[in-house]
Amino acid sequence: MTTLSQFSPLTIRGRTLLPIVQGGMGVGISAKRLAGAVAATGAVGTVASVDLRHLHEDLMAESEHARGQDDLNRLNLIALDREVKGALENAHGNGLVAVNVMKAVDSHAALVRQACESGAHAVVMGAGLPLDLPEMTADHPGVALIPILSESRGISIVLKRWMKKNRLPDAIVIEHPNHAGGHLGAARIEDLGDSKFDFRRVLEETFDVFKSLGLEREKIPLIVAGGVNTFEKVKTYLTEFGASAVQIGTAFAVTREGDAHENFKRTLAEARPEDIVEFMSVAGLPARGVLTPFLKSYLKRESKLQANAKADPARCTQGLNCLSVCGLRDGLAKVGQFCIDLKLSAAFRGETSKGLFFRGADPLPFGPAMRSVRETIHYFMTGEKPLDLA
């Protein structure tokens, strides 16, 4: 199947791409298979850098004998190197392979360096203002830098700070917290529906920011993310709102090439609107996922667990200390009180009763059906669904 897009291409660092970006999804949901398959079509495939050792049996075996956080971080860097190189191989020289790094992850600087050294074409950073990303990548000037932000004020802050360092973002992802899955770009759950996050408003305000800073409107591509689940939305955002591309997460997570367990894909694909909930993550950010047995049980006990929150390093049972700020370890009573790495790892393995399954809020384009990456991209670019689903 050849996808001929009716839309203008996305251009990043001289690469001419389909205006589709696959969102980064961890732990292990978007790794070399998915990212490579998306890039092979000429779009942007993304490896999520969080705790990738779970994809490698030898690294998990070595983890059992790890002596502390440094050892575990070393194993995750080895895993990231393997996944980036694997994605590049699977892409066959097409598209662009990016690595998503969460600013909230304690080892984010090391993950950024490894992504660059492993040959990633771009680093995408969210879950916090990536003000120092240019410094982290200074030895790799050819790597594209793409921050994830949710409103024009944050975009203005990042632009002004980066311009002082003589660096501009190569693109900016604008994520709508009322629709996206995983960690969301708002301070509180009550803020998710704030009109300041509406795509049309954020795009218009960002173009005004560009103008005030003397930047050409076309200088930095703007990529909208969250709730992009139909061809009609893609067409609206790219031809009416002025976006340069769309980012899509959940619809790619459930594709045949997705790196996760089949149970993971079914959990996302078969979730009903009433099964999708918002809650406070241990990272101190609102999050959105599927109301599985674990999450249902946790939310019933959340108030009691928060009331008993206490700062105790021993609460990090793995010694991974994956987050810079962790509600469970640091005793932060207003945020999550569970080990996010254990729960996301269980989801990756398909343990539906134990895992935490992040998901966007909106229906999937093919309903519960699981199709290929190529079919998914073809639909978003042309509006043509597979014949048996049309």
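**View 1. Strand β4, covered on both faces.** Strand β4 (residues 44–48) is mostly covered, with 5 of its 5 residues buried. Here, buried means under 20% relative accessible area, exposed means over 50%, and partly exposed lies in between, using a 1.4 Å probe and protein chains only. V44, T46 and A48 lie on one side of β4 and G45 and V47 on the other, and all are buried. Strand β5 runs parallel to β4, and 5 bridges join the two; look for A48 with its bridge partner N100 in β5. Two strands count as paired if DSSP finds at least two bridges between them. Strands (E, at least two residues) and helices (H or I, at least four) are DSSP runs, numbered from the N terminus.

A word on the model before you go on: it is predicted, so local features need pLDDT of at least 70 and side-chain atom pairs count only at pLDDT 80 or more, while totals for chains, interfaces and linings use all residues. Residues are numbered from 1 along each chain as its sequence is written, and side-chain values use heavy atoms, with hydrogens and water left out.

**View 2. K103, a buried lysine in a loop.** K103 is found in the loop between β5 (96–102) and α4 (108–117). Its relative accessible area is 19%, so K103 counts as buried. Leaving aside neighbours within four places in sequence, K103 is in contact with H108, M125, G126, A127, G128, L129, D132, M136 and S324. Contact means heavy atoms within 4.5 Å.

**View 3. Helices α1 and α3, packed together.** Helix α1 (residues 32–40) packs with helix α3 (residues 69–91) at an angle of about 35 degrees, their axes 7 Å apart. Axes are lines fitted to C-alpha atoms, for helices over the stretch in contact, and angles run from 0 to 180 degrees between N-to-C directions. On the α1 side you will find K32, R33, A35, G36, A39 and A40, which meet E83, G86, A87, N90 and A91 of α3. These contact residues divide into 5 nonpolar, 3 polar and 3 charged. Ala, Val, Leu, Ile, Met, Phe, Trp, Tyr, Cys and Pro count as nonpolar, Asp, Glu, Lys and Arg as charged, and the others, Gly among them, as polar.

View 4. Q69 is found in helix α3. The C-alpha atoms of Q69 and L320 are separated by 4.9 Å, although the two are 251 residues apart along the chain. Not counting residues up to four places away in sequence, Q69 touches D106, G319, L320 and N321.

**View 5. Helix α13 and its buried residues.** In helix α13 (residues 340–348), 7 of its 9 residues are buried: I340, D341, L344, S345, A346, A347 and F348. These buried residues pack against β9 and α10 (262–269). Just after α13, G350 takes a positive phi of about 85 degrees.
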